[in-house]
Amino acid sequence: MASAVRAKWRADVRSDDELIAAALVELHLTDDEYGEASDAFAVLLWRSGPDLLQRGIRLTESADPKERELGVDLLGRIHDAGFRDVAEAVAWRRSALRNGYLEESMPVLLALAGAEDDVDVIEALAWAFGEREDPRGIAPLTRFATSPVADIREAATRSLPMCGLRAHDHRMVGSSGPAIAELIAAPLIDLAGDPVGDIRDWALFGLSLGELDTPEIRDTFFAHIDDPHHDAKTEALFGLANLGDPRGLEPLLQYLESGEDSDLVIEACELYGDRRFVPALQALRADDHDCDDAQPDAALARHRPDAR
């Protein structure tokens with residue numbers, strides 16, 4: 001299926017001008033509408049190269065916000081491309097993604113982020129900084145995280161953790177700035193208190209991805225063990241378990257005994273390795289629940305006396 005789609009992109013005879021015109025029309029289509037669209041944006045990305053880079057830059061300078069939005073989308077994802085096989089995809093990610101016009105695109109995106117006032121363009125910028133996986137995106141994303149527009153806050157929430165992917169050892173920003181992980185965690189802690197449940201969920205997920213273990217992060221997880229948003233609640237329980245915080249043991253047990261189930265919660269049980277979870281895990285294995293059948297068994301194996 002994927003190879004057939006890529007073959008279709010490769011065979012597309014439209015000029016770049018025609019593709020850009022079509023992509024502008026397709027910018028805000030619903031999923032149902034996009035099913036009938038020409039996939040112009042994907043074809044443009046397939047052709048990623050210096051010409052497309054320059055077109056993207058020129059689009060961000062347009063007086064038309066839709067053109068600026070498309071330009072941001074292109075600069076954020078110009079490193080994307082179709083792949084013939086998995087090996088090619090891995091090779092691309094290890095090489096070209098690391099510098100796929102990063103130094104040409106990031107200054108443009110950062111400058112626009114400091115001046116843009118169109119809501120759709122700002123949201124596109126928030127997604128683009130996540131796509132670029134560059135720590136320089138943390139500062140504008142932190143600003144976007146306080147936007148009154150929920151879609152912008154969600155894009156910032158989901159993109160912030162991506163900005164640390166290039167700094168595996170959390171090297172310092174500049175010569176004396178705080179660690180990248182700390183810069184990312186600070187706005188995520190605030191976003192965990194967002195009135196929108198999905199945003200709280202993504203913020204807690206982002207905190208659980210990081211390697212930081214601070215009292216503030218632990219307290220943020222603990223504050224959401226009874227979150228009305230189910231996924232935010234399970235992220236909080238997992239976050240406490242991942243940090244080995246004993247405050248998560250009792251609420252995790254209560255969650256299991258309530259009859260609810262979640263693969264993430266079962267993973268949390270496995271992380272704790274506490275024998276008190278065994279009866280509830282056995283009940284999950286015996287009953288018809290939505291979780292992955294293999295997960296209760298794996299967690300139970302972790303709880304065997306000889307595995308402790």
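## Overall make-up

Of the 308 residues in the chain, 47% are buried, meaning under 20% relative accessible area with a 1.4 Å probe, protein chains only; exposed is over 50% and partly exposed lies in between. This is a predicted model, in which local features need a pLDDT of at least 70 and side-chain atom pairs count only at pLDDT 80 or more, while totals for chains, interfaces and linings use all residues. Residues are numbered from 1 along each chain as its sequence is written, and side-chain values use heavy atoms, with hydrogens and water left out.

The chain has 20 helices and zero strands; these are DSSP runs numbered from the N terminus, with helices being H or I of at least four residues and strands E of at least two. A contact is a pair of heavy atoms within 4.5 Å. Of the contacts between residues at least 6 apart in sequence, 63% join residues at least 24 apart.

## Confidence

The average pLDDT (the predictor's confidence in each residue, from 0 to 100) is 83, and 79% of the residues score at least 70. Residues 168-177 have a pLDDT below 50, and this stretch has 14 contacts in the model beyond near neighbours in sequence. The pLDDT is also below 50 over residues 303-308, a stretch with 16 such contacts.

Helix α10 covers residues 119-132 and spans 20 Å from first to last C-alpha, close to the 20 Å expected at 1.5 Å a residue; the expected span is 1.5 Å times one less than the number of residues. At the N-terminal end, Asp 118 caps α10 through a side-chain oxygen 3.0 Å from the backbone nitrogen of Asp 120. Just after the helix, Glu 133 has a positive phi of about 55 degrees.

Buried residues of α10 include Ile 122, Leu 125, Phe 129 and Arg 132. Leaving out residues up to four places away in sequence, Phe 144 touches Ile 122, Leu 125, Ala 126 and Phe 129, among others.

## Thr 220

Thr 220 sits in helix α15, residues 215-222. Thr 220 counts as buried because its relative accessibility is 9%. Beyond residues up to four places away in sequence, Thr 220 touches Ile 189, Ala 192, Leu 204 and Leu 207.

Methods: A polar contact is a pair of N or O atoms within 3.5 Å; within protein, one must be able to donate a hydrogen and the other to accept it, and residues adjacent in sequence count only if both atoms are side-chain atoms.
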